[in-house]
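We will go one stop at a time.

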Amino acid sequence: MRHRINKLKELNTGAKKKEVFLRNLLTSLVKNGKVVTTPKRAKVLKAEADAFFSKLVKTYNRYNEENDSKRECIRIIKATIYGEAEWKKVMNTLLPKYIKEQNKSFVSNYKMWFRKGDAAEQVMLKLA
């Protein structure tokens, strides 16, 4: 039996820890607007990104005052995203768009070509 084992989140990332690797992928997704990676990593990144943005929207809507909600969202963003320009992009452009739209999914995935070197399948994740 497999109790409390999520096979999806087991990534072979080499020497890096899984959390650091996912934070790097999420940061590059925010920075560029899209990321091309393998299907297993894409599934994990899509789940992480959707959870991250839904947490931001819930946190923003929880507080009555705008300053309190912005402060809490900045705290969450700085704990997850690397780089000052990237978290400012999330705060100023992405978060207001996601608050207005009320989407369930913030990231969409597209199957792409096969990688040239080892013929691995590729998936492109794009911010909605």
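How many residues does helix 1 have, and how far does it reach from its first C-alpha to its last? Select residues 18-32: helix 1 has 15 residues and reaches 21 Å, close to the 21 Å expected at 1.5 Å a residue. Helices here are DSSP runs of H or I with at least four residues, strands are E runs with at least two, and both are numbered from the N terminus.

A word on the source: this is a predicted model, where local features need pLDDT of at least 70, side-chain atom pairs count only at pLDDT 80 or more, and totals for chains, interfaces and linings use all residues. Residues are numbered from 1 along each chain as its sequence is written, and side-chain values use heavy atoms, with hydrogens and water left out.

Next, show the side chains of Phe21, Leu22, Leu25, Leu26, Thr27, Leu29 and Val30, the buried residues of helix 1 (buried means under 20% relative accessible area, with a 1.4 Å probe and protein chains only).

Thr27, Val30 and Lys31 in helix 1 meet Glu86, Lys89, Val90 and Leu94 in helix 4 (contact means heavy atoms within 4.5 Å).

Step past the end of helix 1 to Gly33, which takes a positive phi of about 90 degrees.

Strand 1 runs antiparallel to strand 3, joined by four bridges, and Thr37 stands opposite Val123.

Note on methods:
The expected span of a helix is 1.5 Å times one less than its number of residues. Buried means under 20% relative accessible area, exposed over 50%, partly exposed in between (1.4 Å probe, protein chains only). Two strands pair if DSSP finds at least two bridges between them.
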